[in-house]
Amino acid sequence: MKIGFIGAGAMAQALAKHALDGGLSVMISNSRGPETLTVAANRLGCETGTAQQAAEFGDVIVIAVPLYSFNKLPKEQLKGKIVLDLLNYFPHRDGYITELNSLRMTTSELVANYLTDSTVVKAFNSITVEDLRRDARPEGAKDRRAIPIASNDQEAKNVVARLIDKLGFDSVDGGKLSDSWRFERFRPAYCVAAPKEKLEGILETTTRDTVVADGYWLHHRFV
Ligand SMILES: NC(=O)c1ccc[n+]([C@@H]2O[C@H](COP(=O)([O-])OP(=O)(O)OC[C@H]3O[C@@H](n4cnc5c(N)ncnc54)[C@H](OP(=O)(O)O)[C@@H]3O)[C@@H](O)[C@H]2O)c1
């Protein structure tokens, strides 16, 4: 399987490393051009390209950019592709977005409303980059943690679940994109290190009123 990354920062590089370790092909990209990615690509051992090329390259394309860039994604080249969206909303960084502040929409619905011809799957927004680097485990490991995922397309969700398994994590079905608020910021599942069954339980018991403080996950590790 080929994974294209739009964005080549902390999250993209951490995921790219797991993908390469799992024998997958990787292309990373950013907004400044492939010539700015030589050091990272040499270290990882992957290809580089423009964002458009990474979108064309991948069977799955990971969008690992700040949320404020979502409407600069190469919509045309992402047509018909599975797009793995790991974006989180930080108003101080991304600007005030009414639909998100009012909780009328999830971040993934915002992205999916822009990428109308792609299939968006939410995954990996709910793990810190530090944990992403160190918590990957082989299938069946006792301390393997799970990643919540959501999509309106079951087949795409299955493809991403298999990819997540290759990257060293279990996955938990968090429903449709409209349900993904359950693992956005300020919810108990957000960035919490938990095995599959525990994470399923956390998601099930999260209601619209269940809100936790920023950094909650630092004091709640279940693996
Ligand atoms: N860090 C975490 O712990 C963590 C955890 C979960 C989710 N996330 C989310 O994951 C996303 C990425 O986070 P990160 O920590 O990896 O950020 P980062 O280190 O700042 O990397 C962002 C990358 O996006 C690229 N970029 C920005 N605008 C772009 C555009 N229009 N086209 C192509 N590339 C573009 C940047 O490169 P150029 O500026 O050179 O284009 C950079 O390579 C964010 O939405 C974040 O909220 C982060």
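Predicted model: local features only at pLDDT ≥ 70, side-chain atom pairs only at ≥ 80, totals over all residues.
1. Residues are numbered from 1 along each chain as its sequence is written, and side-chain values use heavy atoms, with hydrogens and water left out.

2. Next, the ligand shell by class.

3. Serine 31 places a polar side-chain atom 2.4 Å from an oxygen atom of the ligand. Glycine 9 has a polar backbone atom 3.2 Å from a ligand oxygen. For alanine 64, a backbone N or O atom lies 3.5 Å from an oxygen atom of the ligand. On its own the ligand has 890 Å² of accessible area, and the protein covers 77% of it. Such areas come from the Shrake-Rupley method with a 1.4 Å probe; for residues, only the protein chains shown count as cover.

4. Helix H1 spans residues 10-21. Helices (H or I, at least four residues) and strands (E, at least two) are DSSP runs, numbered from the N terminus. H1 has 12 residues and reaches 17 Å from its first C-alpha to its last, close to the 16 Å expected. The expected span is 1.5 Å times one less than the number of residues. Just after H1, glycine 23 takes a positive phi of about 85°.

5. Which residues of H1 are buried? They are Met11, Ala12, Gln13, Ala14, Leu15, Ala16, His18 and Ala19. Buried means under 20% relative accessible area, exposed over 50%, and partly exposed in between (1.4 Å probe, protein chains only). These residues pack against strands S1 (2-6), S2 (25-29) and S4 (60-63), and against helices H2 (38-44), H7 (129-134) and H8 (154-167).

6. Valine 65 is in the loop between S4 and strand S5 (82-85). Is valine 65 buried or exposed? It counts as buried, because its relative accessibility is 17%. Beyond residues up to four places away in sequence, valine 65 touches Ile6, Gly7, Leu73 and Leu87. Contact here means heavy atoms within 4.5 Å.

7. Serine 126 sits in the loop between strand S6 (119-122) and H7. Its relative accessible area is 3%, so serine 126 is buried. The side chain of serine 126 reaches the backbone oxygen of alanine 189 at 3.0 Å and the backbone nitrogen of cysteine 191 at 2.8 Å. Leaving aside neighbours within four places in sequence, serine 126 has contacts that include Arg145, Pro148 and Phe183.

8. Aspartate 135 lies in the loop between H7 and strand S7 (146-151). At 5% relative accessibility, aspartate 135 counts as buried. A polar contact of 3.2 Å joins its side chain to that of arginine 221.

9. Glutamate 200 is in helix H9 (residues 196-204). Glutamate 200 is partly exposed, because its relative accessible area is 30%.

Definitions and conventions: Polar contact = N/O pair within 3.5 Å; in protein donor to acceptor, adjacent residues only side chain to side chain.
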